[in-house]
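Please read it alongside the structure shown below.

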Amino acid sequence: MEIIHVTKDTFEQEVLKSDKPVLVDFWATWCGPCQMLAPILQDVANEVEDVKICKINIDEEMELATKYRVMSIPTLLLFKNGEVADTSIGFIGKDQVLKFIGK
């Protein structure tokens with residue numbers, strides 16, 4: 001499945017109204033751990049069909065980062081039925097990402 005780049009204009013439709021769980025990656029271009037996480041999330045997106053993966057650039061979408069109290073990046077939020085079900089802060093490996101989303 002393709003990773004979706006979300007903005008405040010598409011957040012409600014892509015994340016809050018999604019019919020499947022959504023893993024949201026809050027990241028920035030200047031963040032080294034975020035860059036290390038990117039290919040891992042792409043691998044997971046290619047393997048997992050029943051969880052949507054979205055990315056939000058905090059420099060472009062500060063309003064969303066503030067709303068969800070993102071203080072450190074990368075921050076992963078797992079949304080289920082429009083609500084935050086779990087949070088992971090900092091770099092994690094592929095096995096940990098899969099465990100985080102329940103795989």
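Predicted model: local features only at pLDDT ≥ 70, side-chain atom pairs only at ≥ 80, totals over all residues.

Which residues do ring pairs link into a cluster?

1. The cluster consists of Phe11, Tyr68 and Phe79, joined by ring pairs. A search over the whole structure returns three aromatic pairs, and two pairs are described here: Phe11 with Tyr68, and Tyr68 with Phe79.

2. The pair of Phe11 and Tyr68 is tilted, with 5.5 Å centre to centre and 45 degrees between the planes. This pair links distant parts of the chain, 57 residues apart. Phe11 belongs to helix H1 (residues 11–16), whereas Tyr68 is found in the loop between helix H3 (62–67) and strand S4 (75–80).

3. Tyr68 also pairs with Phe79, and here the geometry is edge-to-face: the centres are 5.3 Å apart and the planes make an angle of 80 degrees. Because Tyr68 lies in the loop between H3 and S4 and Phe79 in strand S4, the pair ties together parts that are 11 residues apart in sequence.

4. A separate contact involves a charge and a ring. The charged end of Lys55 sits over the ring of Trp27, at 5.0 Å from the ring centre.

Definitions and conventions: Residues numbered from 1 in each chain as written. Heavy atoms only, no water. Phe/Tyr/Trp six-rings, centres within 6.5 Å; stacked < 30°, edge-to-face > 60°. Helix = DSSP H or I, 4+ residues; strand = E, 2+ residues; numbered from the N terminus. Lys NZ or Arg CZ within 6 Å of the ring centre and 35° of its normal.
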